[in-house]
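Here is a guided look at one protein model, written for someone new to reading structures.

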Amino acid sequence: MRTKSLKKNKINVITLGCSKNVYDSEVLMGQLRASGKDVEHEAPAESEGNIIVINTCGFIDNAKAESVNMILEYADKKERGLVDKVFVTGCLSERYRPDLEKEIPNVDQFFGTTELPQLLKALGADYKHELLGERLTTTPKNYAYLKISEGCDRPCSFCAIPLMRGKNVSQTIEKLVKEAEGLAKNGVKELILIAQDLTYYGLDLYKKRNLGELLEALVKVEGIEWIRLHYAFPTGFPMDVLEIMKREPKICNYIDIPLQHISDSILKSMRRGTTQAKTTKLLKDFREAVPGMAIRTTLIVGYPGETQEDFNILKDFVQEMKFDRMGCFAYSHEENTHAYLLEDDVPDTVKQERANEIMELQSQISWDLNQEKVGQVFKCIIDRKEGGHFVGRTEFDSPDVDNEVLIDASKHYVKTGEFVMIKIIEATEFDLYGEPV
């Protein structure tokens, strides 16, 4: 048995899953730093610290497997004396804590998604209320996520998020503006608004969908030049947002609106509260209200009962709508969800074939849309330098999920974190190549 480490405690926070988890890790690290703790995000192995906090994802099977593997890896490192303590938080921990405690007893403690004060206490830190909105950002300095609400009230049959994150709770406009002002002071130029459902924002606090009013307040924050909307549910979308988007240059002509499917029978079983006709009209309204808007969506294939005919309807819809950006996922049968009562009757091989087919179709659409950009000039934000290229984005692209603009660093110099006008000289399915003008 080894003796306790004499080195100064250093905390290494590891984040798995979505941007909402990134935000939570940043809040945790901001609190730890304020308590005088030595904390780093995903430190390299040679300096990873002796206390590990793993912020897990429990959304679908692949994400759960990744989280479990990471916990096992660090439980083993603890066993071998390479780290002193391992703490686990986030969605997987919220959802499966009793099982995890039983199966991986070497972890010091597991915490749920709402137990930040308890986690801080275990790490020898105090929760400071006065730090509301202050975080240690982990993204490039020019953009940051702004989580406007937590949880979700939607009844979607396939989704476990309400089990892990609870009911929708919106943040006040005043708090979000204050947080945005703090980020802007630290050099953030782009705010990416995230929530389980942006469309629902404000219903609990203001008794109305209030995303429009929030945007009107955020565009006044000095230093913020782009505001981007992520994860807007299609049912009940507040249409005044489109007028503000068209009027306010700071709001990117971009929206992420996860549709999941389009066949009426599947939408009904998914409990999405909409139809193909309503969804098609909504997207046409978007494009009429804000010409040139980039629309990103996500789709699920292989949902219980999805027939070849349902899939063909979805394929035809993708071909007709020509989404600017898209992700497609094979259905994951999640326990304790409404859909778990249904038979998971589409074979895994068929699910994967359908997902591949949709993405091949999207790849061609993306190629065609990108070729139209060749010769055009776009305002781009430069996120980083990677290898021989500076990597930037247009207002129509979100980090990590969308197209990137690559600028040859051997021929041109651009400053990271700044906006630059870039002429597109070449394009592939998912990348644009450009030069400064």
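The end C-alpha atoms of residues 138–368 lie 34 Å apart, and this span is 41% helix and 16% strand. Helices here are DSSP runs of H or I with at least four residues, strands are runs of E with at least two, and both are numbered from the N terminus. UniProt, in an unreviewed entry, lists residues 138–368 as "domain: Radical SAM core". UniProt positions follow the numbering used here, feature names are shortened, and annotations may be inferred rather than shown by experiment.

A quick word on the ground rules. This is a predicted model, where local features need pLDDT of at least 70 and side-chain atom pairs count only at pLDDT 80 or more, while totals for chains, interfaces and linings use all residues. Residues are numbered from 1 along each chain as its sequence is written, and side-chain values use heavy atoms, with hydrogens and water left out.

Now compare two helices with their expected spans (1.5 Å times one less than the number of residues).

| Helix | Residues | Length | First to last C-alpha | Expected span |
|---|---|---|---|---|
| α1 | 19–34 | 16 residues | 23 Å | 22 Å |
| α13 | 348–371 | 24 residues | 35 Å | 34 Å |

How many residues of α1 are buried? The count is 13 of 16, so α1 is mostly covered. Buried means under 20% relative accessible area, exposed means over 50%, and partly exposed is in between (1.4 Å probe, protein chains only). Just after α1, G36 takes a positive phi of about 80°.

Helix α13 has buried residues too, including I358, L361, I365 and L369. An α-helix has 3.6 residues a turn, so residues three or four places apart point the same way. The buried residues of α13 pack against β12 (294–301), α12 (308–321), β13 (325–330), β17 (419–427) and β18 (431–436).

Next, find α6 (residues 173–185) and α8 (residues 211–218). They pack at an angle of about 35°, with their axes 10 Å apart. The axes are lines fitted to C-alpha atoms over the stretch in contact, and angles run from 0 to 180 degrees between N-to-C directions. On the α6 side, the contact (heavy atoms within 4.5 Å) is made by I173, L176, V177 and A180, and on the α8 side by E213, L214, A217 and L218.

Two strand residues are worth a click. V13 sits in strand β1 (residues 10–15), and it counts as buried because its relative accessibility is 0%. Leaving out residues up to four places away in sequence, V13 touches S25, L28, M29, V39, E40, H41, E42 and V53. V13 and Y433, in contrast, are 420 residues apart in sequence and 35 Å apart in space, C-alpha to C-alpha.

E190 lies in strand β9 (residues 190–194), and at 0% relative accessibility it is buried as well.

Finally, which backbone angles stand out? Most residues other than glycine have a negative phi, and most peptide bonds are trans. K207 is not a glycine, yet it has a positive phi of about 60°. K207 is in the loop between α7 (203–206) and α8, and is exposed, with a relative accessible area of 65%. K322 also has a positive phi, about 50°, although it is not a glycine. K322 belongs to the loop between α12 and β13, and at 38% relative accessibility it counts as partly exposed.
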